[in-house]
Amino acid sequence: MDIKKLAEKVLGIKLNFKINEIRCNGVYVDYSQNAATVGGNSKSALARAYMLLAKGISEGKSAFEISQEASFDTCGVMLDMSFGSVMKVESVKKYLEYMALHGMNMVMLYTEDTYEVEGYPYFGYQRGRYSLSELREIDDYAAELGIEVIPCIQTLGHLSKFLRYGINNHIKENDAVLLPDEEETYTLISECIKTCRSAFRSKRIHIGCDETYGLGMGKTYARDGSRNKLETFKMFNDHLSRVVDICEAYDFRPMMWSDMYFSLFAPGRSEDYGLEIEVPQHAIDAVPDVDLVFWDYYHDYSKFYSVNLEKHMKFDKHILFAGGIWTWNGFVPNFRYTYDTVKPALEECLNFGVREVFGTSWAYGDINHHQALPCLAMYSEYCWRGKECTKDDVYSVSEFITKVPFELSEAISDFFCGLEGDYNWGKLILWSDPLINLLCYDIDIKKADDIYKNALKNFENYKNVKDIEYYQALFTALVDKCMIHLNLREKYRANDREWLRNFANDTIPQFASDFEKLYNLHEELWHRDLKTNGFEKLAVRYAGAIERIRYTGKVINRYLDGETDVIEALEEELIRGEKQKYLQPDRVMYTY
């Protein structure tokens, strides 16, 4: 791999002068009199050196010297390839190039069942699974860039897409969790890990084991009777021990999400790492020889991370931290909330001496990981600048590499109306039904409307930025939906028949056209970087949304023409309830 040519290609800049490459600790750049020395302790570090060289020159500097040491041994990204979409191999390669220029050195491909496993034809069936040759191609390309590909799979929970087929009932604890203490369960797991060994160079593997809700309460409960927390803990631990043994047999050092060791001992129903949770010493002592990954994506204050990192240190295990790259709760990334949660998390990781961190980019079926590339700098700059890292450092590097102005990223984040990522106004408003308004919680439609209109004005300043047309279409559709909810019911109640007629015959066709434009752009964006599997859900959802807009016009005209006495859906009074988190689109699209 010619790192210089890579930097020139991705950054769009020519370095037509003498450059001397050296091997050194960290990253080094020296430039003066139209000549440069660049160096690093790995290919990805060298790529970062070239990026910093190009950045300094683009800023008009005639001479400069930069020396950086990494605060983290591993700084990377986990890319979700299971929750609704799978990236094409070429798209993964392009993403890896951006990672290398940031100086990041690890990637995980989160594949629950989206990779082929010999002897299990339903594993990833019609889900866009990777073939063994595709995984090897990704691993080979990453190695040329100095990036380690760590397989990230599931070996207990999160396997609902595989377990939904009746042929697998014999290894099924419940709809999502494998049946422990069943020999054929471990035959499957062994084949999965064997595939990973065949595909990847890495000596490390992430075996998942998070959120295994209902463990001991499914087929095991039916077979053996009641379970208490200690019995469930023992079942979990016994299963994990067997998986660790399989990993060792294939020369893998395993790591796992650590949440179940906390939630199993939570008082009542608690968040995964509630501050009140205390894991008893006997449980800590019983944990098998596995590295623990502490994950959290939600908290924007330091105490949460410091308290939980201190608890993790009691395990006397190697600890990694996984933060969030907020891609999973909307059509666009929430850049603002990503920074607000990453900053305190990584600062506490530095305080506690955590040496391996990565950001998780989940993709629940309607987003493209490339849209979140500006978030990479939130991790890379804390890695290479340590506690001295500032928001300006993050924005400056992000803008230079991705060519996406961070003011635009901030405007895109307005999809979420300035709220936490879980309060997903944007997606709820977009998919809401125009007639049957189920947005009956604390969503302020007028406030959302103002925010979306202001964002559209900001987008006008960035007409040449990649994918800007998609963002404009998305926010236009949001403004359309806000207009409906702000006016339709009120005008109907006031018997403003002229407004209703104009709305049905002029406005409704335009709104349907706006949604069709968004659909077409979204389809284009999807197929540019993602395999086709998964888009069918979006296609059906768009089709339903567009038809319901058109249907609204029909219903209004029937009422105005005297075919019906009332518009039934607009007669019922709206209930304004309390705020609700985690509302999903299906809950505002349908009444049944």
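How far is the sulfur of Cys75 from the closest cysteine sulfur, and in which residue does that sulfur lie? The distance is 4.4 Å, and the partner is Cys383. That is too far for a bond. A disulfide here is a pair of cysteine sulfur atoms within 2.5 Å.

The model is predicted: local features need pLDDT of at least 70, side-chain atom pairs count only at pLDDT 80 or more, and totals for chains, interfaces and linings use all residues. Residues are numbered from 1 along each chain as its sequence is written, and side-chain values use heavy atoms, with hydrogens and water left out.

Stay with the cysteines. The structure holds 0 disulfides. Cys75 is buried, with a relative accessible area of 1%. Buried means under 20% relative accessible area, exposed over 50%, and partly exposed in between, with a 1.4 Å probe and protein chains only. Cys389 is buried too, at 8%. Its closest cysteine sulfur is also in Cys383, but 10 Å away, too far for a bond.

Now turn to the strands. Helices (H or I, at least four residues) and strands (E, at least two) are DSSP runs, numbered from the N terminus. Take strand β10, residues 291-295. Of its 5 residues, 5 are buried, so β10 is largely enclosed by the rest of the structure. Both faces are covered. Asp291, Val293 and Trp295 lie on one side, Leu292 and Phe294 on the other.

Which strands flank β10? Two strands pair if DSSP finds at least two bridges between them. Strand β9 (residues 253-257) runs parallel to β10 and is joined to β10 by 3 bridges. Strand β11 (residues 319-324) is also parallel to β10, with 4 bridges. Met256 stands opposite Leu292, and Leu292 stands opposite Ile319 in β11. From β10 the chain crosses through helix α11 (residues 302-313) to β11, in a right-handed β-α-β crossover. Right-handed means that, with the strands pointing away from the viewer, the path from the first strand over the helix to the second runs clockwise.

Move on to β11. Strand β12 runs parallel to β11, and 4 bridges join them. Gly323 stands opposite Gly359 in β12. With helix α12 (residues 335-352), these two strands make a right-handed β-α-β unit.

Beyond β12 comes a loop. Asn368 lies there, between β12 (356-361) and α13 (376-385). Asn368 is buried, with a relative accessible area of 2%. What does its side chain meet? A polar contact is a pair of N or O atoms within 3.5 Å; within protein, one must be able to donate a hydrogen and the other to accept it, and residues adjacent in sequence count only if both atoms are side-chain atoms. The backbone nitrogen of His370 lies 2.9 Å from a polar atom of the Asn368 side chain.

Last, the core. A nonpolar core is a set of buried Ala, Val, Leu, Ile, Met, Phe, Trp, Tyr and Cys residues joined through side-chain atoms within 4.5 Å. The largest has 216 residues. Those with the most contacts inside it are Leu53, Leu96, Ile429, Tyr452 and Phe459. Helix α18 (residues 468-493) gives the largest share, 13 residues.
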